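This report goes through one protein model, from its overall make-up to single contacts. Please keep the sequence and the structure at hand while reading.

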Amino acid sequence: MSHDLLDLAATPERLRTLADAGVLNPQGLEHALRLAVATPQRAAWRRFLSAVLLGFGSLLVLSGVIYFFAYNWAALHRFGKMGLLLATILGACIAAWRLGETVAGQFALLFAAVLVGPLFAVYGQAYQTGADPYELFLGWSGLILPWVVLARFAPLWLLLLVLVNTGLSLFWFQVADGEGTTLALVLALVNGAAWVAHEALAARGIPWLTGRWMPRVLAMMTMAPLLGLAELQVAVPREGDIASIIGLGLLGVVMAAAYVFHRQVRSELFLLTMDAVSAMTLLTTLVGRVLFKMSSFDAGVFLLLALLIIGEMGLTVWWLRAEARGPEEA
C-alpha cells in the first residue's frame with residue numbers, strides 16, 4: 001500500500017514545495033499557509049475545553065470518593081460503605097444511559113467502571129475474603145468488560161488494559177513466582193496484541209478508533225518493556241536470559257514494522273521518534289559498556305559518551321525532518 005498524499009499533514013514546508021513545483025500559485029500558497037497555521041475556531045476550542053474539563057472533573061470526583069472512604073473508613077458501617085459505592089455506580093450508569101454516546105455519557109460510564117475497584121476492595125475488607133490482590137484486578141477487569149465493549153470509548157479500553165497488566169504482574173510475583181524478564185516479555189506481547197488489533201480495526205474505518213493518541217500509548221506500552229529487556233541484554237549479557245534475547249529480537253522487529261507502517265500505511269513521526277530513542281539508548285549503552293570495560297570510570301569516557309549523545313540527537317533530528325517531508329520528498 002502506498003502513501004495517500006491527502007493523509008499527509010499540510011505543513012508550511014510541504015506547501016512551499018508544492019509552490020516551487022508550480023502546483024500552487026503565490027495567492028494559493030498564501031491562502032494555504034494561512035489555513036495551515038490558523039488558530040482553531042471558537043467552537044473547536046469549546047469542544048476541546050469541554051472534554052478536558054469533563055475529564056479532569058471526573059478524576060477529581062473519583063479522587064474525592066476514594067479519599068472520603070479513606071478518611072471515614074472507621075466511622076462507616078460496612079453496609080454504608082458498599083451502599084454508598086453501589087448508589088454512586090448506579091447513578092453513574094443511569095447518567096451514562098440517559099446521556100447516550102456523548103462525551104459526558106462515556107465519561108460517566110468510565111466513572112462507574114473505575115468505582116468497581118473500590119467496591120471490590122471494600123467488600124474484601126468488610127468480609128475478609130482472603131483474596132489475593134491480583135484477583136481484585138482481574139475480577140475488576142472481567143466485571144467491566146461488557147461496559148467496555150458496549151461503550152466504544154478508547155479510555156475505557158485503556159483502563160481495561162492497565163487492569164489486565166496490573167493483574168498479570170501481581171499474579172506473576174505472588175503466585176507464579178516467575179522471573180521479571182519473562183513478565184516484561186508477556187506484558188509486551190499482550191500490549192502489542194492490543195496495538196495490532198487497534199490498528200487493524202482502525203484501518204477498517206471504525207469511527208471511534210480514528211484518533212491517534214490511543215495507538216501511540218499502546219506503542220509505548222509495547223516498546224517500553226522490550227527496550228528494558230534489550231537494555232539488559234546489551235548492558236550485561238551474562239545476566240541476560242532467553243526472555244531478554246527474545247525481547248531484543250522483538251524490539252528490532254517492532255522498530256522495523258513501525259518504520260514500514262510510516263512509509264507504507266500512514267505518516268507517523270511519533271513511531272519514528274520511538275524508534276530513534278530506542279536505537280540511541282541501545283547504541284549508547286553498548287558503546288558505554290565497551291568504553292567502561294576498557295578505561296573504567298575515566299573522565300574521558302563520559303566526555304566521549306556526551307559527544308556521542310549529541311551526535312545521535314543531531315542525526316535523529318535530521319532524519320526526522322527528512323521523514324517529515326514525506327517519502328516522496330525525502
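The model is predicted, so local features need pLDDT of at least 70 and side-chain atom pairs count only at pLDDT 80 or more, while totals for chains, interfaces and linings use all residues. Residues are numbered from 1 along each chain as its sequence is written, and side-chain values use heavy atoms, with hydrogens and water left out.

**Fold**

The protein chain has 12 helices and 0 strands. Helices (H or I, at least four residues) and strands (E, at least two) are DSSP runs, numbered from the N terminus. Read from that end, the order of elements is α-α-α-α-α-α-α-α-α-α-α-α. The chain has 330 residues, of which 34% count as buried. Buried stands for under 20% relative accessible area, exposed for over 50%, and partly exposed for the range in between (1.4 Å probe, protein chains only).

**Helices H7 and H8**

Helix H7 (residues 154-176) packs against helix H8 (residues 180-203) at an angle of about 160°, and their axes are 11 Å apart. Axes are lines fitted to C-alpha atoms, for helices over the stretch in contact, and angles run from 0 to 180 degrees between N-to-C directions. H7 and H8 are therefore roughly antiparallel to each other; this word applies to angles over 145 degrees, with under 35 counted as roughly parallel, 65 to 115 as roughly perpendicular and the rest as oblique. The crossing of H7 and H8 is right-handed, the term for a near helix turned clockwise from the far one by less than a right angle, left-handed being anticlockwise.

**Salt bridges**

The structure holds 5 salt bridges. The term covers a side-chain nitrogen of Lys or Arg within 4 Å of a carboxyl oxygen of Asp or Glu. Among them are these pairs:

| Pair | Closest N and O atoms |
|---|---|
| Glu101 and Arg152 | 2.2 Å |
| Glu268 and Arg212 | 3.0 Å |
| Arg263 and Glu323 | 3.0 Å |

Glu101 forms a salt bridge with Arg152. Glu101 lies in the loop between helix H4 (78-99) and helix H5 (103-127) and Arg152 in the loop between H6 and H7, so this contact ties together parts that are 51 residues apart in sequence. Glu101 is exposed at 57% relative accessibility, whereas Arg152 is partly exposed at 39%. Arg152 also has a positive phi, near 50°, in a residue other than glycine.

Glu268 forms a salt bridge with Arg212. Glu268 sits in the loop between helix H10 (242-265) and helix H11 (269-295) and Arg212 in the loop between H8 and helix H9 (213-235), so the two tie together parts that are 56 residues apart in sequence. Glu268 is buried, at 1% relative accessible area, and Arg212 is buried at 14%. A network of salt bridges links Glu199, Arg212, Arg216 and Glu268.

Arg263 forms a salt bridge with Glu323. Arg263 is in helix H10 and Glu323 in helix H12, so the pair ties together parts that are 60 residues apart in sequence. Arg263 is partly exposed, at 22% relative accessibility, while Glu323 is buried at 3%.

**Two tryptophans**

Trp45 is found in helix H3 (residues 42-71) and is partly exposed at 40% relative accessibility. Trp319 belongs to helix H12 (residues 299-324) and is partly exposed at 24%.
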